[in-house]
Amino acid sequence: MWSLTCVPTNVYNTLYKFKPVFRCVQARHFCVFCWLLIALLLDNGKGTLKELCHYLPPKLRYWTLMRMVRSGQWDASVLVDEMSCDVLGWLPAPTDGVIHLSADKTRKDKRGRKHPLGLVTRDSKHSPYHFGFEMVLLIASWDRYRIPIKLAVMDPKVKGHQNILFRHMLETVHLPSWVSEVIVSGDAGFAANLTLTLIEKKGWTYVFAMARNRKFTNGKYVSDLMRHLPKSAYHRQATHKPDGRRCDYWVFQKRATLHHLGDVTMVLSKKRRNAGPKQVRLFVTNLHRVKASTVLSLYAWRWGVEVTIKELKGGLHLGRMQVTRDADRVARSVALSVCAYLLLVRLYGREEALGQPWSLFRLKQRFHADLMRQEIDRTERKWKRKLKQYQDAA
């Protein structure tokens, strides 16, 4: 384990444009913010503030980091928005001008019961109970890139807060100028009527997984169609993942009018021909005259948000900082992991995405190597300068 003595030049120059977000000049929160991002990228342990202190200069104590995270003199949401806008505008644009927006919910388990946003929940009636807090993440993806652009912490006391946060993200998202088409995808938990209406008003395309309790305009349920549809109505269709891999499904496509949604394209999909009705999934899109393979291929872009959450938790310690008693402190602590992700993309995003799959861990390895090389060169220059002083004095 080794500690640095100065902020690397490339990191400071990249983050300097976001210095006005930190309003408290006396506490030097911007400098502490730079050090926190560097420590998050270097640490492979627990990711707590006490662990991150080992990678910082001796003058930066534990209470300094706590004061910066607890301070209300900087807005985490504004900082993430500005950094994501800068990254989206800096990365190369796709040839077709299509960008995919995907959202998902994730939970971070906690042991202490004093968390301000903690709740007791479980995934299903057969799963054990968990205590922790939940977050909503929105990413933008195209070509080989997947960039987290918004992150919000859910309040368990607000009913339907998951969809409220998702709609707020879609309303306030800032997309680059090269975007000509936006495709929004999500699972059934985000397919609220107000959300789909908002996407329609903005002129965007959506591809969502739906719950089977949806109704047709004639009063019948979609679950009845899924239960009584014979397997001879399904046909085998080839789909493709974003990385080009092929995956075959048995699908049934139909144009229908759903309650509260209007005219949509429905796709029933299952992995095997003899699979029962409980293993059939429902996908709905507002695209007209589209093939079932295209709908499933567009929905496959949603898997990028699952991989991004795994990278944030495994590589950047999302939600591991021990911050309690205030919900705003929790929001600022989780935003630091997203800022560290955006910093890596801003430094190495263009070169690393050429000809190989996108990986945060590969970006971290390159950051470690560059930082070690800079420290060695800096130490060598320092000793050469001292040796020259001794020679001149002699």
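**Nonpolar cores.** I looked up the largest nonpolar core of this predicted model and found 118 residues in it. A nonpolar core is here a set of buried Ala, Val, Leu, Ile, Met, Phe, Trp, Tyr and Cys residues joined through side-chain atoms within 4.5 Å; buried means under 20% relative accessible area, exposed over 50% and partly exposed in between (1.4 Å probe, protein chains only). Leu15, Phe33, Ile147, Phe208, Met266 and Phe367 have the most contacts inside this core. Helix H11 (residues 327-352) supplies its largest share, 14 residues. Helices (H or I, at least four residues) and strands (E, at least two) are DSSP runs, numbered from the N terminus. I also noted a second, separate core of 14 residues, which includes Val98, Ile183, Val251 and Leu298.

**Met266.** I listed its contacts (heavy atoms within 4.5 Å), leaving aside neighbours within four places in sequence; among them are Phe216, Leu225, Phe252, Leu282 and Phe283.

**Positive phi.** Asp143, in the loop between E3 and E4, has phi near 50° and is partly exposed at 47% relative accessibility. His260, between strand E8 (246-258) and strand E9 (262-270), has phi of about 75° and is exposed at 56%.

**Conventions.** Residues are numbered from 1 along each chain as its sequence is written, and side-chain values use heavy atoms, with hydrogens and water left out. Local features need pLDDT of at least 70 and side-chain atom pairs count only at pLDDT 80 or more, whereas totals for chains, interfaces and linings use all residues.
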